[in-house]
Amino acid sequence: MTVMKSILGAAATLALAAGAALAEPALIYDLGGKFDKSFNEAAFNGASRWAEETGGSFRDIELSSEAQREQALRRFAEQGFNPIVTTGFSMAGPIETVAPDYPDIKFVTIDGYVDPEKHPNVLSVLFSEHEGSYLVGMAAAMASKSGTVGFVGGMDIPLIRKFACGYAQGVKAVNPDAKVIANMTGSDPSAWNDPVKGGEITKAQIGQGADVVFAAAGGTGLGVLQTAADEGIYSIGVDSNQNYLHPGSVLTSMLKRVDNAVYDAMTAGEGLETGVAVKDLSNRGVGIALDGYNEKLMSFEALASIYDAAAKIEAGEIEVHDYSADDSCPDLQF
Amino acid sequence: MDTMPRWADVALIPLLNLLIAFVLSGLVILAIGENPIEAVETMITGALGSTYGWGYTLYYTTNFLFTGLAVSVAFHARLFNIGGEGQATLGGLGVALACLSVNWPHWLVALPVALTAAALFGAAWALIPAYFQAKRGSHIVITTIMFNFIGAALLNYMLVNVLKPAGQMEPASGNFPPGASLPTFQDIFAFTGGTLFRGAPANITFFIGVAACFLVWWLIWHTRLGYAIRSFGQSEPAAVYAGISPVKITVIAMLISGALAGAMAINNVMGEAERLVLNSVEGAGFIGIAVALMGRSHPFGVFLAALLFGFLYQGGAELSLWTSIPRELVIVVQALVILFTGALDNMVRMPVERMFIAARLARAEAKRAKPAEAAE
Amino acid sequence: MTGGGQNTGRAETAAPAIELKGISKAFGPVQANKNISIRVQPGSIHGIIGENGAGKSTLMSILYGFYKADAGEIFIKGRKTEIPNSEAAIAAGIGMVFQHFKLVQNFTVLENVVLGAEDGALLRPSLAKARDELRSLADEYELRIDPDAVIDEIGVGMQQRVEILKALYREAEILILDEPTGVLTPAEADHLFRILRGLKDQGKTIILITHKLREIMEVTDTVSVMRRGEMTATVKTAETSPEQLAELMVGRKVLLRVDKKPATPGGTVLEVENLKVRDHAGVERLKGVSLTVRAGEILGIAGVAGNGQSELLQVLGGIAHGTGSVRLNGTELDLTGRFSDGRSRRAKGIAHVPEDRQHLGLIMDFAAWENVAFGYQGDPAYNPTPWRIDNAAIRADCAGKMERFDVRPPNPLLAAKNFSGGNQQKIVLAREIERNPELLLIGQPTRGVDIGAIEFIHQRIVQLRDTGKAILLVSVELDEIMSLSDRIAVMFDGRIMGERLPGETDERELGLLMAGMDSAPGNGRPALETVGGGH
């Protein structure tokens with residue numbers, strides 16, 4: 001009897017342990033890969049931070065083909081990983097297909113949008129990139145002496161136009177006569193990782209008079225910042241805080257806290273609240289970076305007006321137009 | 001006299017090549033501190049251990065069947081069509097245009113139209129390099145590879161500016177109408193209770209691919225056109241002597257090749273994604289070259305080689321999922337297989353040939369057989 | 001005997017210049033050389049004769065260090081010598097003149113001679129030294145040549161002399177020549193033989209490899225016969241006859257002359273007028289050829305290779321385009337348009353046995369049965385439906401043809417490359433002759449064909465003539481032209497130099513025509529050394 005009991009107890013413990021192990025979160029990176037120095041890496045950093053702080057562990061996978069999107073979702077779901085966090089808007093479609101088959105599993109799509117009515121077990125995390133961009137646009141206009149500022153996008157997709165549009169609105173808010181030159185690096189995924197071309201575009205914009213350039217172009221942006229530093233003009237980083245890359249040249253960075261989104265989702269675990277989460281200025285999902293590297297580049301007045309604008313945006317007194325709402329931009333022609 | 005029996009040429013050599021590739025891969029896995037035996041187990045159970053695994057393996061196999069056959073047909077005419085990638089890309093465009101043009105009532109109606117569109121688009125993309133090769137002598141390797149880039153750019157333009165629904169981030173077409181949805185293996189085997197092939201992308205296109213194997217076999221060895229293609233491939237001057245027009249054969253062989261590559265889009269675009277995305281071909285056009293080389297350009301060999309690469313793809317995906325072997329290493333394993341079966345074939349072939357000759361001489365010596373044919 | 005003059009060893013004057021003992025060499029299952037032994041005396045010309053594939057070239061390649069013998073020993077001037085590579089062969093005093101010259105086309109004679117034998121990194125002193133040496137060699141051996149001429153611009157006879165000079169410049173004592181007369185006119189061949197005799201008189205040892213009985217009889221002192229990798233006999237040339245040598249080569253009695261009745265020509269089948277052909281580079285290869293062939297007649301085209309005969313066959317066979325007029329039984333043939341291809345020609349009744357059987361006439365990797373359909377793949381008998389080709393019917397047809405033309409082995413499934421040259425040719429002949437054509441174009445019918453098969457092939461050609469068909473024969477073998485033709489036309493530099501009847505001419509006269517000289521009465525001067533052979 002006692003023997004039986006202890007066996008049963010052992011079995012129960014094992015089952016519990018197995019269950020606990022299986023309730024680990026999983027993270028699926030988009031095709032760019034884990035260490036892309038940008039978006040996916042930010043997600044990895046967020047997950048790592050969660051693992052360090054909680055002592056938990058997570059499973060991750062780098063996709064190598066389109067067909068694997070759905071495959072990875074299903075495989076993780078079948079093994080009971082929960083929640084399953086994905087990066088990149090391309091995952092929204094596969095999640096719509098897979099999520100109904102696993103109602104007990106929570107799925108998170110960062111940058112993708114899945115209808116919460118139809119898919120109650122999915123959390124869509126969207127960022128108000130236009131708001132952060134508006135703030136760095138103001139910084140750019142105030143730092144520019146020529147009255148001409150540049151924007152270098154990665155791949156020409158609505159998301160990047162959203163960045164550009166917010167940026168242009170910020171510039172015009174400070175100086176209605178300012179000129180914004182916006183260029184996209186390309187229209188296929190290689191545009192995310194072409195620093196040489198990024199540098200060339202930057203030089204062309206400098207040639208047209210730009211003295212501040214905002215790069216929203218993933219790996220391509222590194223070439224933009226480098227060229228700006230070489231040519232002695234200001235640049236603005238994106239996603240992560242890139243101020244440290246070229247101190248004295250990087251004016252500031254537009255922050256998009258993908259790492260926080262992943263961290264929050266993993267911390268919430270199985271109890272994750274689904275629906276649509278908009279990460280904006282008010283909940284520090286986007287923002288503008290100020291640190292030791294750039295505090296001397298931003299004047300007190302400039303910072304004051306930026307903070308003022310940020311408060312007004314949060315309060316709804318300033319409305320920054322979202323390009324993706326109607327595929328148009330009042331202050332910029334594409 | 002041939003130096004080796006046929007079974008050695010078609011079976012033993014590829015198997016030895018594979019074995020060496022796997023041993024080397026194992027050493028690489030060992031070197032990064034992982035267990036190669038476990039890795040092989042993961043690959044095998046992941047790719048072949050369940051109907052779900054088979055469903056993915058056969059999905060990839062289908063892609064490689066079409067591109068492998070495409071390369072094979074061109075290769076019988078000694079044309080090195082490395083433009084399968086671009087032709088399949090264009091095939092995808094054809095499928096998307098066909099599927100999105102009408103709200104299809106049933107897949108049985110949509111499939112023939114989409115298949116025709118895929119083949120036509122693929123063939124059209126092969127036609128231009130073929131014409132330049134036949135009429136102007138521009139090397140087909142150069143032109144087809146250039147057309148891969150042009151094809152990618154064209155698709156890009158079409159997706160961003162024409163096919164993409166407004167407001168969508170991703171440069172992809174909208175979803176195809178439900179009537180254009182091909183039955184997957186899960187649907188086909190639904191009578192067993194719906195648990196087989198659950199969620200796997202393998203679909204009815206696999207059977208079209210198998211049919212294509214038979215069709216190519218028949219074409220190459222049982223039609224006058226196949227005879228002309230093979231003659232031209234063996235010797236262009238001899239073909240001219242026999243009254244076979246090099247221009248005509250070059251163009252026709254490339255059209256067939258391009259059509260086969262284009263038809264692959266039925267599998268990945270119509271069968272799996274059910275919409276057109278930017279990078280839908282994902283290198284299958286290039287894998288097709290390895291498949292054709294390994295399959296000795298014979299449809300049955302192509303089938304086996306496609307199956308092998310399907311296994312490598314699905315097994316590789318499982319490796320990424322369940323081990324910390326990085327994605328790049330899975331590509332290394334695939335590359336080793338291509339290297340040994342395609343490029344380094346002679347490295348194994350030569351010693352094996354010598355072995356067979358030695359064995360035959362020993363036998364001849366033993367039997368004191370009649371003197372061999374005089375040297376040529 | 002001067003051969004042993006520089007020998008430091010204890011060589012006696014009787015030591016052979018070169019001696020092979022028990023040389024054997026196998027390539028896979030094929031025994032190319034079996035236990036071969038020969039002795040060649042210094043200061044003599046030794047012939048090695050045998051059919052294609054008898055193992056002559058293999059033996060010489062072993063001697064020149066290209067192959068390593070499986071067994072056997074080589075003695076040079078009585079001393080055992082290892083020859084692992086061609087450098088060792090040169091060091092041992094062996095020089096080789098290949099059938100296909102190994103000259104740099106855009107270098108001068110002098111540069112070619114020095115190439116690979118320079119004294120140092122600087123070229124100028126080497127060239128100056130070579131220039132002096134060439135002059136003395138030229139005086140000694142009747143090898144006069146312009147040292148500054150570019151190889152491209154001199155004739156083949158001249159190029160061959162450069163090859164000989166190269167060997168002599170490297171102080172060769174033993175000179176091996178592999179089929180040296182294949183590309184020469186009779187006059188050039190005569191000149192070559194004079195040079196060889198001069199070399200012999202100076203104490204050089206010469207080994208002459210050939211399959212032509214006439215040359216052996218004319219120039220050698222002793223001769224070895226090879227058959228199927230074995231040396232069947234070595235005899236003194238003076239004590240043998242062509243008939244005996246032929247029998248030794250083939251292993252049975254051979255009819256060397258073609259047995260045929262006089263022709264009974266009918267109406268004109270082929271009429272060619274002012275035919276001109278340009279090659280891909282735009283060079284005119286046929287410069288206005290006119291000829292006729294009648295039914296029941298063999299017109300032989302004689303000439304040194306590369307004087308337009310190939311182009312003539314190609315344009316008539318539909319492979320190349322041309323201008324002028326060609327009529328078959330009175331109907332004009334298309335020479336440039338879409339009907340100037342092999343298919344249309346066959347449809348009109350022209351069959352073509354091409355000169356280059358291995359690259360045009362057959363597909364070596366195809367089985368015999370596939371080759372039997374080659375060119376006739378559109379035949380309704382092979383095509384039951386517009387698409388399907390009836391492989392079984394072709395195989396059956398092939399089996400019949402193989403039997404009727406005595407192809408060995410009579411296996412339709414065997415690849416063409418696995419048949420001997422003679423049997424390959426029989427496959428092509430069976431395919432073309434059994435179509436019962438109005439006109440048969442046939443180029444080099446017996447090139448690379450063993451003597452036994454030559455007899456059979458010649459008989460079949462004459463048989464076709466006797467059924468009243470027209471035959472246009474192109475051959476560089478003057479013997480073949482003389483014995484098969486009912487009329488002979490000689491081509492030189494894209495033109496017909498003249499027509500003769502075989503009974504009314506001789507080799508000397510034809511040789512002059514082949515060299516581009518009109519053999520008008522009284523013009524009996526010998527061939528010039530500057531004869532150009534093609535471009």
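Let me start with the open sheet in chain C of this predicted model, where six strands lie in the order E16-E17-E18-E13-E19-E20 and the pairing is mixed. The two edge strands are E16, residues 350-353, and E20, residues 495-500, both of chain C, and each of them pairs on one side only. If you ignore direction, neighbouring strands of this sheet are turned by 20° against each other on average.

As a reminder for those who are new to this, strands of a sheet pair through backbone hydrogen bonds, and they can do so either parallel or antiparallel. Which kind do we have between E17 and E18 of chain C? Strand E17, residues 439-443, and strand E18, residues 470-474, run parallel, and five bridges join them.

Is C:Leu316 buried or exposed? C:Leu316 counts as buried because 24 other C-beta atoms lie within 10 Å, and the cut-off for that word is 20 or more. Leaving aside neighbours within four places in sequence, C:Leu316 is in contact with C:Val326, C:Ile350 and C:Leu441. For another view of where this residue sits, C:Leu316 and C:Glu239 are 77 residues apart in sequence, and their C-alpha atoms are 47 Å apart in space.

Let me move on to where chains A and B meet, with 22 residues of chain A in contact with 23 residues of chain B. On the side of chain A that touches chain B, the elements that give two or more residues are strand E2 (59-62), helix H3 (67-78) and helix H6 (158-174) of chain A. The largest share, six residues, comes from H3(A). By type, the residues on this side of chain A divide into eight nonpolar, seven polar and seven charged.

Finally, a word on confidence in chain B, which averages a pLDDT of 89, with 96% of the residues scoring at least 70. Over residues 369-376 of chain B, however, the pLDDT is below 50, although this stretch has 20 contacts in the model beyond near neighbours in sequence.

Definitions and conventions:
Residues numbered from 1 in each chain as written. Chains lettered and ligands numbered in written order. Predicted model: local features only at pLDDT ≥ 70, side-chain atom pairs only at ≥ 80, totals over all residues. Buried ≥ 20, exposed ≤ 12 C-beta atoms within 10 Å, placed from the backbone. Contact = placed C-beta atoms within 7 Å. Helix = DSSP H or I, 4+ residues; strand = E, 2+ residues; numbered from the N terminus. Nonpolar A, V, L, I, M, F, W, Y, C, P; charged D, E, K, R; others polar. pLDDT = per-residue confidence, 0-100. Pairing = 2+ DSSP bridges. Axes fitted to C-alpha atoms, helices over the stretch in contact; angles between N-to-C directions.
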